[in-house]
Amino acid sequence: MTAIEASARDTLVPSESHADAAPPWKVWSALWIVYIVWGSTYLAIALMVETIPPLLGAGTRFMLVGLILLPILAWRKGSHVWRPSRAELLSAGFVGLMLPGANAVISVAQKTVPSGLAALLVASIPLWVILLRRASGEKISWQSLGAVLVGFGGLVLLLHPEGEATMIGLLACVFAAFMWALGSFSSPRISLPRDPLISTAWQSLLGGIAVFASGVVTGELPDVHFDEFSGRSIGGLLYLITFGSLLAFTSYAWLLQNAPISKVSTYAYVNPVVAIALGWLVLNESITPTTLLGAGIIVASVALVIRVEAPKTEKT
């Protein structure tokens, strides 16, 4: 998860599926795109923030995604794309603050937190969603609540600063996971545009503007030196825009219409594994026994939650 990509119907939000409508090879092709590309976005963020200010970089990313998607959608679906209602605009703005905002927080945190560790902390999103559902009065099974407790135990194991990682950076990743969970939890409950692509485009644009403005307010503009932007950082930003947001999100949106949500949700525990492997291979990030133990606990608890919370129609 590292973008607006997973929106209103994210992990653990029951939805109708059309798993029989698409051949398995198409479903698995789209799944592997989401697995690998979203898992690799943590590496891309780490490269981007090497020389590009994190908030301005993240804001630019999401603004461009919105500005690319909206004209294309208007051309394909009609001019109504440009005229959301006031309620839809306000709702898209709120979710934009939560989801792109969460990515912006992760971008700032990855100035000190290794990409693989950031991915593991963010993998707690489905656990936060369970707590939000419980807080709203929804009945949650004891298996899910038990998995959440175990998962947060794994989270605590990872909250020990090592190397360049700081406690502030680690806690920022946890807060970003909560922001993403709150945005995903709220999405089906507020007046977003009904078309998920249109909704995502507005969330990206509005969230990107807010993040970019935050970068200006917090004083990142003086740190912008275009001649000092490295090829790695520029490549990371372009990768996040094209592959991370446009390609992977298109695959994810298609999967939501053609595969069971329980299968789609498996990205939540595959992405961290991909992120850890790439961080080790490309950035020489260390993998400690504590990291492996925490990773195993979190991934197992998320897998259990997704299995238990899958819509009953998928189990019959």
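Author: What follows is a walk around one glutamate, E220, and then a look at a few other places in the chain. The model is a predicted one, and the description should be read with that in mind.

E220 sits in the loop that runs between α8 (196-217) and α9 (231-258). Although E220 is buried, it has no salt bridge, and the nearest side chain of opposite charge, that of K111, is 8.1 Å away. A polar atom of the E220 side chain does, however, lie 3.2 Å from the backbone nitrogen of L55. Leaving aside residues up to four places away in sequence, E220 touches P53, P54, L55, L56 and G215.

Another loop, between α11 (267-283) and α12 (289-309), holds N284, whose phi is near 55°, a positive value in a residue other than glycine. N284 counts as exposed because its relative accessibility is 67%.

In helix α12 one finds G294, which counts as buried because its relative accessibility is 0%. Beyond residues up to four places away in sequence, G294 touches G154, L157 and L158, while L205, 89 residues apart from G294 in sequence, is 35 Å apart from it in space, C-alpha to C-alpha.

Key. Residues numbered from 1 in each chain as written. Predicted model: local features only at pLDDT ≥ 70, side-chain atom pairs only at ≥ 80, totals over all residues. Heavy atoms only, no water. Helix = DSSP H or I, 4+ residues; strand = E, 2+ residues; numbered from the N terminus. Buried < 20%, exposed > 50% of the residue type's maximum accessible area, 1.4 Å probe, protein only. Lys, Arg positive; Asp, Glu negative; His and termini not counted. Salt bridge = Lys/Arg side-chain N within 4 Å of Asp/Glu carboxyl O. Polar contact = N/O pair within 3.5 Å; in protein donor to acceptor, adjacent residues only side chain to side chain. Contact = heavy atoms within 4.5 Å.
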